[in-house]
Amino acid sequence: KGDIFSRLEDRRQVFGAFVLHGIMPTNPAREVRTPRTDDDPKTPWLDKRQLTAILTPRGPSWRARRDHMVMVVLAGLGWRRTEVASFRWDSVRDTPTGGMSATVRVKGGKFVTVGVPTLVTDALRTWRVSAAGPWVFPSQESGAEPIASATVNDIVKRMAMAAAIDPAKITAHAMRRTFATIASRSGEDTK
């Protein structure tokens, strides 16, 4: 495994130097994808069975419902864990068509407004009744503080275990990749 990866990186550096010195116009080694191996520890994305299992609600308690909603937003919007943790109710708007849009601060500090899919819209409207305070995902029922971004990963791990998915192989980012894979295969623009 190490030999393949190190040789590919060596080629990238050599060709990169050629580009830097004007010997070549582009670096052909950049077009070669780094191969995945069977012993890669992370799951690139969830299949339909896994996604269905991980999105299954786990009980009536406030925490179980919050955790389920975190998973719905991760899978349905493809947000990073920091974006989920900082999600506020005042960033959610109803649209004239009966849907929702949400504005989120993304990597790099920019604010982006996205349309919220119907399934996520319906789930958010139901969850709104239970979530006190300004945060969509508060750390406690009182709603005074948001969950930490590390808590989002903890939720993913708990939900993975409950769905009989190895929690060592899944992270919040796997949910983001799942969203991107599904959207891409459906012909959606994931940019």
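# Exercises: a pocket and its helices

By class, the lining of the largest pocket holds 18 nonpolar, nine polar and seven charged residues. Here Ala, Val, Leu, Ile, Met, Phe, Trp, Tyr, Cys and Pro count as nonpolar, Asp, Glu, Lys and Arg as charged, and the others, Gly among them, as polar. The model is predicted: local features need pLDDT of at least 70, side-chain atom pairs count only at pLDDT 80 or more, and totals for chains, interfaces and linings use all residues. Residues are numbered from 1 along each chain as its sequence is written, and side-chain values use heavy atoms, with hydrogens and water left out.

**Exercise 1.** Describe the overall layout of the protein chain.

*Solution.* 
- Step 1: list the elements. The protein chain has seven helices and three strands. Both are DSSP runs, numbered from the N terminus: helices are H or I with at least four residues, strands are E with at least two.
- Step 2: read along the sequence. The pattern is α-α-α-α-β-β-β-α-α-α.
- Step 3: take the span. Along its principal axes, the C-alpha trace covers about 60 × 40 × 30 Å.
- Step 4: take the burial. Of the 191 residues, 36% are buried. Buried means under 20% relative accessible area, with a 1.4 Å probe and protein chains only.

**Exercise 2.** Characterise the largest pocket and find which element gives the most to its lining.

*Solution.* 
- Step 1: On a 1 Å grid over the protein atoms alone, a pocket is an open set of points where a 1.4 Å probe fits, with protein on both sides within 12 Å along at least five of seven lines; lining residues have an atom within 4 Å of a point.
- Step 2: state the volume. The largest pocket has about 1000 Å³. A volume is the space filled by probe spheres set on the grid points, which are joined across faces, edges and corners.
- Step 3: go to the centre. The lining has 34 residues, and Gly76, Leu77, Gly78, Phe179 and Ala183 are the closest to the centre.
- Step 4: name the elements. Two or more lining residues come from each of α3 (62-77), β3 (111-116), α5 (118-128) and α7 (172-185).
- Step 5: pick the top one. α7 gives the most, with eight residues.

**Exercise 3.** Follow α7 from its cap to the residue after it.

*Solution.* 
- Step 1: start at the cap. Threonine 171 caps the N-terminal end of α7, with a side-chain oxygen 3.2 Å from the backbone nitrogen of histidine 173.
- Step 2: check the length. α7 has 14 residues and reaches 20 Å from first C-alpha to last, close to the 20 Å expected at 1.5 Å a residue. The expected span is 1.5 Å times one less than the number of residues.
- Step 3: list the buried residues. They are Ala172, Ala174, Met175, Thr178, Thr181 and Ala183.
- Step 4: find their partners. These residues pack against α2 (48-54), α3, α4 (81-85) and α6 (149-162).
- Step 5: Glycine 187 follows α7 and has a positive phi, near 85 degrees.

**Exercise 4.** Why does valine 156 count as buried, and which residues does valine 156 contact?

*Solution.* 
- Step 1: locate the residue. Valine 156 lies in helix α6.
- Step 2: apply the cut-off. Valine 156 counts as buried because its relative accessibility is 0%.
- Step 3: list the contacts (heavy atoms within 4.5 Å). Beyond neighbours within four places in sequence, valine 156 contacts Ile54, Met71, Leu74, Ile170, Thr171 and Ala172.

Definitions and conventions: Buried means under 20% relative accessible area, exposed over 50%, partly exposed in between (1.4 Å probe, protein chains only). A polar contact is a pair of N or O atoms within 3.5 Å; within protein, one must be able to donate a hydrogen and the other to accept it, and residues adjacent in sequence count only if both atoms are side-chain atoms.
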